[in-house]
Every structure is written in structure tokens, then in C-alpha cells.
Amino acid sequence: MKVVLFCGGYGMRMRNGDASDVPKPMAMVGPRPLIWHVMRYYAHFGHTEFILCLGYGAHHIKEFFLNYQETTSNDFVLRNGKAELLSTDIADWSISFVQTGLESAIGERLRRVRPYLEGDEMFLANYADVLTDAPLPEMIERFTESDAGASMMVVPPQSSFHCVEMGEDGRIGALTPVSEMPLWENGGYFVLRQEVFDHIPEGGDLVADGCGELAKRGKLLAYPYRGFWKPTDTVKERVQLDDAYAHGDRPWARWEREPAPAGTA
């Protein structure tokens, strides 16, 4: 199944005051950028055809893959001055690099790569900046068995704030962490059918327009997940992931601790 990655946004909250034009998916976690970790997750489950929706800082992403060094994350033997790889990670990947505009909304980026999805009843999509250890095959199977036009992984709110129950006199009766409220938020992992294109207007948004309209029609499926899920909307979150990686705490890297599921690449 093809994987569409939205990696053309400005990522303003990741800038930390610097004027670099490096897009957010190229922020480093360990020796590899975020986008590589997301792609490696999908590849672990056999999904190795990627369509990158490029925009801001596209040349950084292109240069990374054009000059990719397998020896950075694979064992090898150096013989007569040449590296002989003992394993590989991206050799079997197919990556389409598509410029989808600097200012395009997510839905418009998806519309612009539709020709690359022709003939595919279903496909996967992701913001390319969120890591998880969710069981992707289960997510896909639930969607396949439904008649939904789209499925999104949903996760508990990640805020550390508390909600308050307040009486008319202003006295607080209870404090509840937002993460324990009966609420869910978009987790950024989508399984989509071609039907979603029917509800995304020119310049539209995937969630507000495409998923919103499907929800009204009862054709939007949720995949609730309470396991590991980590966004990288801010510098702090990226640094936390990088530190966890350095200490060997990387639950999203399922490829490091388990064989690829049967029937996958």
C-alpha cells in the first residue's frame, strides 16, 4: 500500500528562533531525521512505496535521500577500502518526490499527488512528524473490513494541564488531568479510500473538509490508541525524542526488536 507523507509545511513551532529553512520532518532524532523514522515504521510492515508531498525546504529532503549513507544505520564490513553492507534499510524503497506548493493546505497537497495514487483503492497518509508503536496491520484490517472512506488514529489529549469542575460560586470541586478526560484527538495516522477526494475542495483541508464531511455521513472510522505516541510540534518534544533515542528508549523502532510480519517486505 502506498504511503503519502505531508512534509512541506513551515513548522514554525520548531524554529526556536533560528532562520533555518529545514522543514520539521528533517529535525534529527538520533542519526536520522524524523521522516526516516516514520518511513522506516511503514517499511517494517511492508509498505515501501512513498509519495512525499514537498513544499518548504524541499531541497533538504531531496539531498538527504540523494546522498543517503546506508552505513550510518547498518552493519557493514570494510574490505579493500569498500563497504560491504550486512543489512540495508532503504534499498527496496520507492520514493516519489512531488512539489505540492509552499502555501498549500494538507488537503490540497493530497489533491496534487492524486495522479500517483491512480488505481489504488486504499492508501496510507501521515504528517511525517509523529512517532508511534501502533499495530499498523490491525489499523488497516479494521478499516478494510469497514465501508468507511477514511480512518484516523485517535489518541488521548497530550496536554499536561488540568480541567476544573467549578460551581456557580467559583469554588472548584474537582481537578482532572486533560489526558484522563473522555476526549480523543487526531493522531495523524490515516488509512484512506479514494472517496476522500470527493470531499476535499481546491485548497481544502484533509481533516476539516475531507474527514469532516465523511464524519457527517457516518463514514469516518476511528482507531483509538493509548500506547506510545509522540508528536514533535515543538523543539522541546523533538529534544525529548532525541534524548530517549540516545538512551535506547525508542518504542517506535519496532524494526529493531521484532521481525517483519509474515507476508511483508
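Author: A search of the whole structure finds 14 salt bridges. Keep in mind that this is a predicted model.
Reader: Which residue does Glu108 form a salt bridge with?
Author: Arg111. Their closest N and O atoms are 3.0 Å apart.
Reader: Where do Glu108 and Arg111 lie?
Author: Both are in helix 3, residues 106-112. They sit 3 residues apart, about one turn of the helix.
Reader: Why does that spacing matter for direction?
Author: An α-helix has 3.6 residues a turn, so residues three or four places apart point the same way.
Reader: Is Glu108 buried or exposed?
Author: Glu108 has a relative accessible area of 8%, so it is buried. Arg111 is at 31%, so it counts as partly exposed.
Reader: What about Arg238, which side chain does it meet in a salt bridge?
Author: That of Asp242, at 3.6 Å from N to O. Asp242 is partly exposed, at 26% relative accessible area.
Reader: And Arg217?
Author: Arg217 forms a salt bridge with Glu213, and the closest N and O atoms are 3.0 Å apart. Arg217 is exposed, with a relative accessible area of 52%. Glu213 is partly exposed, at 23%.
Reader: Which residues are linked in a network of salt bridges?
Author: Lys24, Asp129 and Asp233 are linked that way.
Reader: New topic. Which residues are buried in helix 4?
Author: Leu136, Met139, Ile140 and Phe143, in a helix that runs over residues 136-144. Down the helix axis, the buried residues fall within an arc of 95°, so they line one face of helix 4.
Reader: What covers the buried residues of helix 4?
Author: The cover includes helix 1 (34-44) and strand 8 (122-126). It also includes strands 10, 13 and 14.
Reader: Now rings. How many aromatic pairs are there?
Author: The count comes to 14. One of them is Phe65 with Tyr68, a stacked pair, 6.4 Å centre to centre with 10° between the planes. Both residues are buried.
Reader: Which residues do ring pairs link into a cluster?
Author: Tyr41, Tyr42, Phe45 and Tyr189.
Reader: Last one. Which residues form a nonpolar patch on the surface?
Author: Val164, Met166, Ile172 and Leu175, with about 420 Å² of accessible area together. Strand 11 (162-166) and strand 12 (172-177) each give two or more residues to the patch. Val164 lies in strand 11. At 45% relative accessibility, Val164 counts as partly exposed.

Key: Residues are numbered from 1 along each chain as its sequence is written. This is a predicted model: local features need pLDDT of at least 70, side-chain atom pairs count only at pLDDT 80 or more; totals for chains, interfaces and linings use all residues. Side-chain values use heavy atoms; hydrogens and water are left out. Patches are made of residues with over 30% relative accessible area and no salt bridge: like charges are joined within 9 Å, nonpolar side chains (Val, Leu, Ile, Met, Phe, Trp, Tyr) within 5 Å. Accessible areas come from the Shrake-Rupley method with a 1.4 Å probe; for residues, only the protein chains shown count as cover. A salt bridge is a side-chain nitrogen of Lys or Arg within 4 Å of a carboxyl oxygen of Asp or Glu. Helices (H or I, at least four residues) and strands (E, at least two) are DSSP runs, numbered from the N terminus. Buried means under 20% relative accessible area, exposed over 50%, partly exposed in between (1.4 Å probe, protein chains only). The arc is that of the directions from the helix axis to the C-beta atoms. Contact means heavy atoms within 4.5 Å. Rings of Phe, Tyr and Trp (its six-membered ring) pair if their centres lie within 6.5 Å; planes under 30 degrees apart count as stacked, over 60 as edge-to-face and the rest as tilted.
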